[in-house]
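Welcome! Please have a look at the sequence and the model before reading on.

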Amino acid sequence: MATILVVEDEHELAALIRRQLEAEGHTALTVHDGRTALLLAEQARPDLVILDWMLPELDGLAVMRRLRERSAVPILMLTARDDEADRVLGLEVGADDYLTKPFSLRELLARVRAILRRIELLTRPPTTVDTSPIVHDRLAIDPLARRVTIDQQVVDLTVKEYDLLLLLARNPGRSFSRAYLLDHIWGDDYEGGDRTVDTHIVRLRRKLGEQGERISTVWGVGYRFE
Ligand code: CA
């Protein structure tokens, strides 16, 4: 079972969430402010963070940015208003999912289960090393030559663009979170902001033209190759 960090300044709600998570067999840690959350995230290495947007001093958004600087831990954001939810959804903040208050505990647990299932899937290696060419209609990838062609015309990609495309195209239909992609494509090279994956996807789509439409954005998750 998972270790889950609950960051919520409403003490009663935090306790309620903790009891529900514990009833599911998880270890739940509750903190009531952003600074303690960052400290505890460092020490306890949680598998998931449930993070309230409205916190005293350091708000949820700031906590998420700091967390993202050093960790790919999945984050479920709790928001009080729809406009916050829009920012979680549409912006660079890097949450894996969100819930708008008020929410039911059943809904919260369902989201938690979904995220934990997803990370369990993602921590398994996608495939063993495979050098066979990948062909999707007009798009072909030759892993031995590290070459991508569309209708036999070579598409000029950077190393990271190529690695992204290879991972996605090798696993069609599977959704990859931004955090996973950052971890597996960039790893220790990672220096950019939260938007690194998004900007690479934009460039990759542009270079692939019509074939770029195969890379779809998965709401609340990341990207998937169709
Ligand atoms: Ca709050």
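In α8, the buried residues are Thr196, Val197, Asp198, His200, Ile201, Leu204 and Leu208; buried means under 20% relative accessible area, exposed over 50%, and partly exposed in between, with a 1.4 Å probe and protein chains only. Helices (H or I, at least four residues) and strands (E, at least two) are DSSP runs, numbered from the N terminus. This is a predicted model, in which local features need pLDDT of at least 70, side-chain atom pairs count only at pLDDT 80 or more, and totals for chains, interfaces and linings use all residues. Residues are numbered from 1 along each chain as its sequence is written, and side-chain values use heavy atoms, with hydrogens and water left out.

**Helix α8**

- An α-helix has 3.6 residues a turn, so residues three or four places apart point the same way.
- The 13 residues of α8 should span 18 Å at 1.5 Å a residue, and the end C-alpha atoms of α8 are 18 Å apart, which agrees; the expected span is 1.5 Å times one less than the number of residues.
- Gly209 follows α8 and has a positive phi, near 60 degrees.

**The nonpolar cores**

- A nonpolar core is a set of buried Ala, Val, Leu, Ile, Met, Phe, Trp, Tyr and Cys residues joined through side-chain atoms within 4.5 Å.
- The largest nonpolar core has 27 residues, of which Ile141, Val148, Leu165, Leu208 and Ile215 touch the most other members.
- Two or more residues of this core come from each of β7 (139–142), β8 (147–150), α6 (159–170), α7 (178–186), α8 (196–208) and β12 (222–225).
- With 7 residues, α6 gives the most to this core.
- A second, separate core of 21 residues includes Ala37, Val63, Leu67 and Ala85.

**Contacts of Ile215**

- Leaving aside residues up to four places away in sequence, Ile215 touches Leu165, Leu168, Ile201, Leu204, Arg205, Leu208, Tyr223, Arg224 and Phe225, where contact means heavy atoms within 4.5 Å.

**Backbone details in the loops**

- Between β5 (97–100) and α5 (105–123), a loop holds Pro102; the peptide bond from Lys101 to Pro102 is cis, with omega near -5 degrees.
- Asp151 is in the loop between β8 and β9 (153–155), and has a positive phi of about 50 degrees although it is not a glycine.
- Asp151 counts as partly exposed because its relative accessibility is 40%.
- Gln152 also lies in the loop between β8 and β9, and its phi is positive too, near 65 degrees, in a residue other than glycine.
- Gln152 has 73% relative accessibility, so it counts as exposed.
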